[in-house]
Amino acid sequence: MKTIVFATNNHHKVTEVAGFFEKHFPGKLIIKTLAQIGFSDEIIENTETFEGNALQKAKTVSKACGLTVIADDSGLEVDYLNGMPGVYSARYAGEGCSSQDNINKLLSELEGVPMEKRTARFVSVICACLLNEEVIYAKGCCEGVILTSKRGTGDFGYDPVFYYPPLQKSFAELDLDTKNGISHRGIALRQFVSLFDISKA
Ligand code: IMP
């Protein structure tokens, strides 16, 4: 059994990533969160790119724990808002804000904007720092449209207002496997495992 640290405490991300790895490497990998390795230092995320922030997270934690570390930096790019909230997605409505605060702000910024102009994409960049100091990046994007109100029972970030036209559902209406099958994070994870040699973990 190999152990990989996933540099997050976001339980939604943990569910998606751990679910994915369990399917791809059944019984071969243990995923530990920051809380599970007792890491509680603040991680500075101050670059303007998903790649830069993912590297900051993975590198900071790998220096501290000496294990293979993966990090996901992700967010929502809305075309009408020139790509915002982008890397600021988690704190769009201010430091310490809730997902509901972020959704409220997004919907108010898009008030009166017609459907055809509400195009957006989720982006995920996964960065891994391996024991041999190799760094691997993988990226996934998923195109959709921002709804005018919430749909579905899932409560991860912007999922209730992100509509995925091919399935005619919001992301909050999808089960875990269906979301991983089409999402930005699922795409990034599939690219990641094609580049990752588990024996190096
Ligand atoms: P990070 O922890 O800095 O990468 O923040 C990512 C933020 O982007 C999350 O807190 C969510 O607001 C948003 N986000 C990223 N991926 C998803 C997703 O799959 N569903 C909903 N929101 C997401």
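Predicted model: local features only at pLDDT ≥ 70, side-chain atom pairs only at ≥ 80, totals over all residues.
Where is S40 found? I looked, and S40 is in the loop between β2 (29-32) and α2 (50-65); helices (H or I, at least four residues) and strands (E, at least two) are DSSP runs, numbered from the N terminus.

Residues are numbered from 1 along each chain as its sequence is written, and side-chain values use heavy atoms, with hydrogens and water left out.

Back to S40. I get a relative accessible area of 67%, so S40 counts as exposed (over 50%; buried is under 20%, partly exposed in between; 1.4 Å probe, protein chains only). I also checked S40 against S170: they are 130 residues apart in sequence and 33 Å apart in space, C-alpha to C-alpha.

Next, the ligand. I found 17 residues around it, with K13, D159, K179, H184 and R185 coming nearest (a heavy atom within 4 Å). I see β3 (68-78) and α5 (184-195) each supplying at least two residues of that shell, and β3 gives the most, with four.

Then I went through polar contacts (pairs of N or O atoms within 3.5 Å). A ligand nitrogen is 2.6 Å from a side-chain N or O atom of D159. For ligand oxygens, I noted a polar side-chain atom of K179 at 2.7 Å and a side-chain N or O atom of D73 at 3.3 Å. The protein covers 91% of the 490 Å² of accessible area that the ligand has on its own (Shrake-Rupley method, 1.4 Å probe).

Technical notes. Polar contact = N/O pair within 3.5 Å; in protein donor to acceptor, adjacent residues only side chain to side chain.
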